[in-house]
Amino acid sequence: MTMLEVRALVIHRTNIPVVRGVSLIARAGEISVLLGANGAGKTTLLEGISGVAPVADGEVLLENVNLSREGAGTRSRAGLAHVEQGRTVFGSMTTEENLLVGQRDDAALDQIYDLFPELLARRDIQSRMLSGGEQQMVVIGRALAGRPKVLLIDEMSAGLAPVVVSRLMKGVRRLADQGLAVVLVEQFAHLALEIGDRAYVMRRGRVVYEGDCASLRNDPARLHHLYLGDLNDAGVDVV
Ligand SMILES: Nc1ncnc2c1ncn2[C@@H]1O[C@H](COP(=O)(O)OP(=O)(O)OP(=O)(O)O)[C@@H](O)[C@H]1O
């Protein structure tokens, strides 16, 4: 079932269009992987979807309800959660105090500890003492507090060792298997394509590939070309 539908989104930064008519979908139980080189517009796109960045044109629909004119708070309450870049924990608060921020019920806390048992053992530790990977688990866990329908995750792996990234990816896959619709922006393309379902590659503000993750995973030369090769910018967006 399609949970999130983004239609022809246009977003400007200092009057320059950096997202130029992007459409994508995220289905319940699936991970939509969003790839692309630095500056392609991935972060800006997620910000436009969650309402953090103002949108110049296009639509954001959650379960067919148009949220395009709503602010970030309304979109969040409607079920759109956004894990932004930077892994911001409340450092002087314990792991559990962080997880309890915005928590609707204890069951959600149990769900987080079930997903990331590592955090259970660290529940009473000040979150500034946690490793980078554990802090990322806390941030993802906090985003689950409102029981979202769609989870947008931006570069959760930045600065982390590949083994830690794999661990996080497994957690995200499990969340999708539990029914969440996930949009995952990721620099470790090969790892993301392993756990993802749908793939989108952005280039200079546009989608230049839309398809299944398996096709791209099995064709690294094509992926390389989509990132760096000579594409006809004015041509067909979907390869
Ligand atoms: N606040 C801002 N003000 C002006 N320009 C911005 C701002 N944020 C992003 N940009 C520009 O918009 C373009 C898209 O940036 P964005 O961060 O969305 O790309 P990205 O694909 O997420 O890249 P990265 O992987 O580096 O985060 C870039 O050219 C960037 O310089």
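Among contacts in the protein chain between residues at least 6 apart in sequence, what percentage join residues at least 24 apart? In this predicted model, the share of such contacts that join residues at least 24 apart is 69%. The protein chain is built from 10 helices and 10 strands.

The overall dimensions come next. Along the principal axes, the C-alpha atoms of the protein chain occupy a box of roughly 55 × 40 × 35 Å. The radius of gyration of the protein chain is 17 Å, which agrees with a compact globule, because a globule of 239 residues would have a value near 18 Å. Of these 239 residues, 43% are buried.

Attention now turns to the ligand. The residues around the ligand are Arg13, Thr14 and Val18, together with Gly36, Asn38, Gly39, Ala40, Gly41, Lys42, Thr43 and Thr44. Sorted by class, this shell holds seven polar residues, two nonpolar residues and two charged residues. Helix α1, spanning residues 42-50, gives the most to the shell, with three residues.

Helix α1 deserves a look of its own. Nine of its nine residues are buried, so α1 is largely enclosed by the rest of the structure. Among the buried residues of α1 are Lys42, Thr43 and Thr44, which also belong to the shell around the ligand. The buried residues of α1 also include Leu45, Leu46, Glu47, Gly48, Ile49 and Ser50. Just after α1 comes Gly51, whose phi is positive, at about 95 degrees.

Notes. Residues are numbered from 1 along each chain as its sequence is written. This is a predicted model: local features need pLDDT of at least 70, side-chain atom pairs count only at pLDDT 80 or more; totals for chains, interfaces and linings use all residues. Helices (H or I, at least four residues) and strands (E, at least two) are DSSP runs, numbered from the N terminus. The radius of gyration is taken over C-alpha atoms; the globule rule is 2.2 Å times the number of residues to the power 0.38. A residue is buried if 20 or more other C-beta atoms lie within 10 Å of its own, exposed if 12 or fewer, and partly exposed in between; C-beta atoms are placed from the backbone. Two residues are in contact if their C-beta atoms, placed from the backbone, lie within 7 Å. A residue is near a molecule or strand if its C-beta atom, placed from the backbone, lies within 6 Å of it. Ala, Val, Leu, Ile, Met, Phe, Trp, Tyr, Cys and Pro count as nonpolar, Asp, Glu, Lys and Arg as charged, and the others, Gly among them, as polar.
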